[in-house]
Amino acid sequence: MAVLFLLFLLTVSVVSADEDGFIGVNIGTAISDMPSPTQVVALLKAQNIRHVRLYDADRALLLALANTGIRVTVSVPNDQILGIGQSNATAANWVARNVIAHVPATNITAIAVGSEILTTLPNAAPVLVSALKFIHSALVASNLDGQIKVSTPHSSSIILDSFPPSQAFFNRSWDPVMVPLLKFLQSTGSYFMLNAYPYYDYMQSNGVIPLDYALFRPLPPDKEAVDANTLLHYTNVFDAIVDAAYFAMSYLNFTNVPIFVTESGWPSKGDSSEPDATLENANTYNSNLIRHVLNNTGTPKHPKIAVSTYIYELYNEDLRPGAISEKNWGLFDANGMPVYTLHLTGAGTVLANDTTNQTFCVAKEGADPKMLQAALDWACGPGKVDCSYLLQGQPCYEPDNVVAHSTYAFNAYFQKMAKSPGTCDFKGVATITTTDPSHGSCIFPGSAGRNGSLPNTTSLAPSSNSTTSGCHSVYIYGAGSFTTSVIIGVLLMSVFFL
């Protein structure tokens, strides 16, 4: 399995606990209309997401993340583990191509080698630790091992007898892998990556686990789960899963390897067999998870020791196979619209930007310039949009190209029509975004900078003495219509991300 959405070191009792926990997001790509790297980064910035995990090392996205300061975990895909685990040279080439080529501009802080290899690709398990070591050796050779940690995410299903947590242990059949893996993590100062999904624990418990317990909702003391061996009280499934991993490591005599939760979340939609995959439950789980992590609550075994966590996931992935829920783990849809508004009062700023009412209509990246021009003509003519802001000398004249000007006109029409369904299409060349396209002194209708109001369509109309000669894209006001000259040069840039 798989937001917004990160790398301060998590600690345990024998490790320094002076770092705060963080919330990050996983970014999947099984999306039919995948946002461009520029759009992805704009959403991350708008939501103050400072840590992300990629399921590969996509070059375009890594370039877009350059000079943002966002901490990035890149991944070696599962289908490359066998090759890398059997060849130091192959590992070195992977690091050179996917890491060294991007640092320091892109702030890569971790490499996840595969994902849930022991449970999804067991034939690669014998070379998993070798793959980690070869990747790490390549980092050492480039003096990057202090900055970039190497680990591999595990499914929580490798932990057996997970409640009470104090009785938990790893599936013993994996000891030949797990012991050298933990030795590697310990010796390199890395962390154990764990995918923790209380949703699945709840679904598979046949009613034994209460929904409130899975969602971090408050429980009366007599309903809390108590570990009879330690007398520790567990108020939520998430903490119990994390502590089960801590106890499983200690069973193998490793007590100083911290845990990062690389995936956790809750689906917002499911089929008839998944009645608890709902918007409200997804909102409740993720909101409470974020608050729990950022408050540095820790777990009963390690109170006040942060459990940094990556939410699964930033976007809904409509192309994922399987049940309906598999497509609906995202915090946002492909347009950057929030699937729901998180309840994050008092939980910091990450993912707290309520963009529900801050939506804009913009030109699609890569749209046909001729179609953009036709839609622009319509918006400024029959659509009755005031395009006077686009005249030479006016705030939104620059940049003087069809993409920028049509973006302004499309959004003005969208806002004028109260964001009604179907008013941001323009024959397929427009799309909705939560990123404010305003720039400099050009404040778009609907922007907080304009208090959500439209421009005064009378006082800002051009006078009869207005001159428009000398500009590439000219809008001439007269007799209630606008005519637009031919675009001499089209600079394909998305002004709304400047």
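Student: Which cysteine does Cys380 form a disulfide with?

Tutor: Cys387. In this predicted model, the sulfur atoms of Cys380 and Cys387 are 1.9 Å apart.

Student: Left-handed or right-handed?

Tutor: The torsion about the S-S bond of Cys380 and Cys387 is about -85°, so that disulfide is left-handed.

Student: And is Cys380 buried or exposed?

Tutor: Cys380 has a relative accessible area of 1%. The cut-off for buried is under 20%, so Cys380 counts as buried. Cys387 is buried too, with a relative accessible area of 0%.

Student: How many disulfides does a search of the whole structure find?

Tutor: Three. Besides the link of Cys380 and Cys387, there is one from Cys361 to Cys424 and one between Cys396 and Cys442.

Student: Take Cys361 and Cys424. What is the S to S distance?

Tutor: For Cys361 and Cys424 it is 2.0 Å. The torsion about their S-S bond is about 90°, which makes this disulfide right-handed.

Student: Where do Cys361 and Cys424 lie?

Tutor: Cys361 is in strand β14, residues 360-363. Cys424 is in the loop between α13 (402-416) and β15 (430-433).

Student: Now Cys396 and Cys442. How far apart are the sulfur atoms?

Tutor: The sulfur atoms of Cys396 and Cys442 are 1.8 Å apart. There is 100° about the S-S bond, and the link is right-handed.

Student: Which parts of the chain does that pair link?

Tutor: Distant ones. Cys396 sits in the loop between α12 (369-380) and α13, while Cys442 sits in the loop between β15 and β16 (475-478). They are 46 residues apart.

Student: Are Cys396 and Cys442 buried or exposed?

Tutor: Cys396 is buried, and Cys442 is as well.

Student: If I number the bonded cysteines in sequence order, what is the pairing?

Tutor: 1-5, 2-3, 4-6.

Student: Change of topic. How many helices and strands are in the protein?

Tutor: The protein has 13 helices and 17 strands.

Student: What share of the residues is buried?

Tutor: Of the 498 residues in the protein, 55% are buried.

Technical notes. Residues are numbered from 1 along each chain as its sequence is written. This is a predicted model: local features need pLDDT of at least 70, side-chain atom pairs count only at pLDDT 80 or more; totals for chains, interfaces and linings use all residues. Side-chain values use heavy atoms; hydrogens and water are left out. A disulfide is a pair of cysteine sulfur atoms within 2.5 Å. Helices (H or I, at least four residues) and strands (E, at least two) are DSSP runs, numbered from the N terminus. Buried means under 20% relative accessible area, exposed over 50%, partly exposed in between (1.4 Å probe, protein chains only).
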